[in-house]
Amino acid sequence: MASDSSRTVSAWRPAVPGVVEVFHARFTEYAYPMHVHEAWTLLIVDTGAVRYDLDRHEHGTPHDTVSLLPPHVPHNGSPVTPEGFRKRVLYLDRTYLGDELIGAAVDRPDLRDPLLRRRVGQLHGALLRPGEELEAESRLMFVGERLRGHLRGDDPPPRPADPVLARRLRELLDERVVAGVALGEAAALLHAHPAHLVRVFSAAYGIAPHRYLTSLRVGRARKLLLEGRSPGEVAAATGFYDQSHLTRHFRRLVGVPPGRYRAG
């Protein structure tokens, strides 16, 4: 993370297909000159507002807006008020948004959609936490789907029912509790679109695949803790990224951290 009195910046590339870069920043005085990106720019502003020009038209980013700036189209950006702004940005490759959507994005880059805004925020939350790649992939699928719907004017897809496919994904997750499985790999193995996989699983079992997998890992962790193994050993043996990753989910599902559970 880089910081001075007028700007704070954090940037990284997560292990999530389709995400070129995650960029979080707070600026008070800095203004972007005209520039372009090779990737799609998905932007939400948490405090303040940004004014920018895109294709010779002025736009803005109030708090409830999701802005989608297409690749290779020049744009700039500056704070609206002296207090500046705080923003979260995802740079996405062409996996979820193709070049055929650039024109529509130029025409309407600012999308007022509370559900999309919430989902983009949830995606950023998953990308901040190491070990949550399956959750991030799943959330990105639905963000991309909703963005495409806006740009194409499509109706939301109906809730599907495919219990056989849902069961096959559950069996795959049961087999890969420790190793885990990326959403793209699961889709290839089961010959289904990733977003469809997540949707049918959630419809069949009332829980998203990443939450199901985490529940299985926590269940195994409980058994190992009661056998006397340390939280660090248990984290490695049950597929968590590290001990803090285990602790976060264990506390959420069990109500106490692993160390206290083991001692009690």
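**View 1. H24 lies in strand β3, which covers residues 19-27.** Helices (H or I, at least four residues) and strands (E, at least two) are DSSP runs numbered from the N terminus. The model is predicted, so local features need pLDDT of at least 70 and side-chain atom pairs count only at pLDDT 80 or more, while totals for chains, interfaces and linings use all residues. Residues are numbered from 1 along each chain as its sequence is written, and side-chain values use heavy atoms, with hydrogens and water left out. H24 is buried at 14% relative accessibility; buried means under 20% relative accessible area, exposed over 50%, and partly exposed in between (1.4 Å probe, protein chains only). The side chains of H24 and H124 are joined by a polar contact of 3.0 Å. A polar contact is a pair of N or O atoms within 3.5 Å; within protein, one must be able to donate a hydrogen and the other to accept it, and residues adjacent in sequence count only if both atoms are side-chain atoms. With neighbours within four places in sequence left aside, H24 is in contact (heavy atoms within 4.5 Å) with T8, V9, S10, W12, K87, R88, V89, H124 and L128.

**View 2. E132 sits in the loop between α2 (114-128) and α3.** E132 is buried, with 4% relative accessibility. A polar contact of 2.3 Å links the side chains of E132 and H249. Apart from neighbours within four places in sequence, E132 is in contact with A126, H245, R248 and H249.

**View 3. Helix α3 spans residues 133-152.** From first C-alpha to last, the 20 residues of α3 reach 28 Å, close to the 28 Å expected at 1.5 Å a residue. The expected span is 1.5 Å times one less than the number of residues. Of the 20 residues of α3, 15 are buried, so the helix is largely enclosed by the rest of the structure. G153 follows α3 and has a positive phi, near 75°.

**View 4. L169 is part of helix α4 (residues 163-175).** L169 is buried, at a relative accessible area of 2%. Residues up to four places away in sequence not counted, L169 touches A186, L190, L197, F201 and P209. L169 and P209 are 40 residues apart in sequence, and their C-alpha atoms are 8.3 Å apart in space.

**View 5. Helices α7 (residues 209-226) and α9 (residues 243-254) pack at about 90°, with axes 10 Å apart.** Axes are lines fitted to C-alpha atoms, for helices over the stretch in contact, and angles run from 0 to 180 degrees between N-to-C directions. The two helices, α7 and α9, are therefore roughly perpendicular, a term for angles of 65 to 115 degrees. On the α7 side the contact is made by R211, T214, S215, V218, A221, R222 and L225, and on the α9 side by L246, H249, F250, R252, L253 and V254. The residues of this contact divide into 7 nonpolar, 3 polar and 3 charged. Ala, Val, Leu, Ile, Met, Phe, Trp, Tyr, Cys and Pro count as nonpolar, Asp, Glu, Lys and Arg as charged, and the others, Gly among them, as polar.

**View 6. H72 has a positive phi of about 70° although it is not a glycine.** H72 is located in the loop between β8 (65-69) and β9 (75-79). H72 is partly exposed, at 49% relative accessibility.

**View 7. H191, also not a glycine, has a positive phi near 55°.** The loop that holds H191 runs between α5 (183-190) and α6 (194-205). H191 is exposed, with a relative accessible area of 71%.

Technical notes. Parallel < 35°, antiparallel > 145°, perpendicular 65-115°, else oblique.
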